[in-house]
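Reader: I have a model open on my screen and would like to learn how to read it. Could you walk me through a few features?

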Amino acid sequence: MYHTHAILTNFAKISLKLIDEGCRENGSKNQAGYRNSIRKYRRMMDLSQEQLAALMRKRGCTTTRSSLSRIELGSYNIKASELIAICDILGVSPNKLIQK
C-alpha cells in the first residue's frame with residue numbers, strides 16, 4: 001500500500017510540475033487553467049465545495065471548503081495529496097485538468 005501511495009504521490013508531483021509549466025506556456029496566471037477545470041468537473045458531478053472537501057477528508061486530506069475555494073480561485077498552492085484525492089473523486093487524471 002505504501003509503495004503504491006508513494007508512486008501516486010510522485011506522479012502527482014510530476015503532474016503538478018507539468019501542469020504549472022503548461023499553464024505558464026499558455027499564459028495562465030496562478031495555474032488558473034487547471035483550477036478552473038477542478039471547478040468545472042466538480043460542478044459536472046453536482047458537488048458543492050463542502051461536499052468535495054468532505055470526500056477529500058475521507059481520503060486523508062485536511063482540506064476545508066475554504067481551502068478548496070482558494071484552490072479554485074488560484075490563491076492556494078494545491079498539495080500532491082489533494083490533487084490525487086480530487087482526481088480520484090472526480091474521475092479524471094491530472095493531465096485531463098489542463099486540457100481545454
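Predicted model: local features only at pLDDT ≥ 70, side-chain atom pairs only at ≥ 80, totals over all residues.

Reader: How many residues does the largest nonpolar core have?

Author: In soluble globular proteins, nonpolar side chains tend to be buried together. A nonpolar core here is a set of buried Ala, Val, Leu, Ile, Met, Phe, Trp, Tyr and Cys residues joined through side-chain atoms within 4.5 Å. Buried means under 20% relative accessible area, exposed over 50%, and partly exposed in between, with a 1.4 Å probe and protein chains only. The largest such core has 19 residues, and Ile38, Leu52 and Ile86 are among those with the most contacts inside it. Helices H2 (32-44), H3 (49-58), H4 (65-73) and H5 (80-90) each give two or more residues to this core, and H5 supplies the largest share, six residues. Helices are DSSP runs (H or I, at least four residues), numbered from the N terminus.

Reader: Which residues of H3 are buried?

Author: An α-helix has 3.6 residues a turn, so residues three or four places apart point the same way. In H3 the buried ones are Gln49, Leu52, Ala53 and Met56. They lie on the same side of H3 because they cover an arc of only 100° around the axis, taken from the directions from the helix axis to the C-beta atoms.

Reader: Is Glu72 buried or exposed?

Author: Glu72, in helix H4, is buried, with a relative accessible area of 2%. Its contacts (heavy atoms within 4.5 Å) include Arg35, Arg39, Arg42 and Gln49, not counting residues up to four places away in sequence.

Reader: Which residue has a positive phi although it is not a glycine?

Author: Most residues other than glycine have a negative phi. Asp46 has a positive phi of about 55°; it is found in the loop between H2 and H3 and is exposed, with a relative accessible area of 66%.

Reader: How many disulfides does the count come to?

Author: A disulfide is a covalent bond between the sulfur atoms of two cysteines. By the rule of a pair of cysteine sulfur atoms within 2.5 Å, the count is zero. Cys61 is buried at 8% relative accessible area, and Cys87 is buried at 7%.

Methods. Residues numbered from 1 in each chain as written. Heavy atoms only, no water.
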